[in-house]
Amino acid sequence: MNATMYIGREAFVPAETREQAKALFARSVERVEVETHSFCNRRCDYCPNSSGDRLGENKRIPEDIWRLLLANLREIDFAGSVILTSYNEPLADPMILQRIREVREHLPRAGIGIFTNGDYLRAGSFPDLATAGLNYLHISIHTSPGEKFNKIVALNQIAKLVKRIDAAVQFHSLRKNELVAATVPHDKMAIEIRAVNYWKRGQDRGGLLDGFPSQPARTLPCHYPFAHFHMGFQGNVVPCCNVRSDSEAHKPYRYGNLRDFGSIFEAYAGRIAAAWRRHLISFEPKDDPCRTCSVGFMTMVPKELKKMRAAWEQHVRDRAVE
């Protein structure tokens, strides 16, 4: 994540034309996160999937929405990150390899990544993923429902994983009751393994989950609706990864469905998205679902924070939407 984000006037008012929206998206968005399908095989209790509603029929993203996303990104020769994961397990659907290939064909300069629980990884998985065009593979080690994070258990789980996938591992971070992190050397992909105590470092996902430490009302700005574009498997566009695209409780927080806009540019630069950015540039207390969010801002450098406050004062405070 860069220590800067675009905070000009255009970020805070709805774009009047598609070309204006396209220009704003191209200069602002560095990460596109999209679910290619719905299914996840786990019910981690620190995830909204604990309800089990992602265990049913696997629903793939509608083809017209997927094609529109790719065409739009190719239109601007997108060179940021494309993450093919959200609340799903990407490797549960064999079609993920085709999806990676399609992104690579459309976006030769983009970095492609997925986040996986590792359950579907096998010894031959890495060559297939690398050949398809994947750049980054993040393997998350999860605890079982009701189980507390334990460094020894995490290390044992990592040992079982690397044995199953026949890979070496290099540990680089061990923090008691908090984190175990390692890398798998590979000549074509960056591969990282992380076991995280999500009850300490996770989120309540916009109020969908209980059991996390209480947080004071958030006052920091947030960069997600500025620098990121998030879309779920149904084509619903949301402001960040902590708003679940298919949750009825989170329905009021959606931008809308991509079909409602005609392009990712107009979804990103539309009325609702601009309102989110006006809300999240300030240092004022935030409303739900952001009120309890503890995700850090991209920088705490005083000079950069001063820029955020100046943008709020210049473009948002005491100004009606033009």
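Q: Is Ala190 buried, exposed or partly exposed, and why?
A: This is a predicted model, and in it Ala190 has a relative accessibility of 40%. Buried would need under 20% and exposed over 50%, so Ala190 counts as partly exposed.

Q: Which strand does Ala190 lie in?
A: Ala190 is part of strand β7, which covers residues 190-196.

Q: And what does Ala190 touch, leaving out residues up to four places away in sequence?
A: Its contacts are Asn135, Tyr136 and Leu137.

Q: Switching to helices: how do the axes of α3 and α4 cross?
A: The axes of α3 (residues 96-106) and α4 (residues 125-132) cross at roughly 30° and come within 8 Å. Angles under 35 degrees count as roughly parallel, so that is how α3 and α4 run relative to each other.

Q: Which residues make that contact?
A: From α3 there are Leu97, Ile100, Arg101 and Arg104, and from α4 there are Asp128, Leu129 and Ala132. By class, that gives four nonpolar, three charged and no polar residues.

Q: Last one, α10: which of its residues are buried?
A: In α10 (residues 271-280), Ala273, Ala274, Trp276, Arg277 and Leu280 are buried. Viewed down the axis of α10, they fall within an arc of 155°, so they line one face of the helix.

Q: What do those buried residues pack against?
A: The buried residues of α10 pack against α1 (18-28), α7 (224-227) and α9 (264-268).

Conventions
Residues numbered from 1 in each chain as written. Predicted model: local features only at pLDDT ≥ 70, side-chain atom pairs only at ≥ 80, totals over all residues. Heavy atoms only, no water. Axes fitted to C-alpha atoms, helices over the stretch in contact; angles between N-to-C directions. Helix = DSSP H or I, 4+ residues; strand = E, 2+ residues; numbered from the N terminus. Parallel < 35°, antiparallel > 145°, perpendicular 65-115°, else oblique. Contact = heavy atoms within 4.5 Å. Nonpolar A, V, L, I, M, F, W, Y, C, P; charged D, E, K, R; others polar. Buried < 20%, exposed > 50% of the residue type's maximum accessible area, 1.4 Å probe, protein only. Arc of directions from axis to C-beta.
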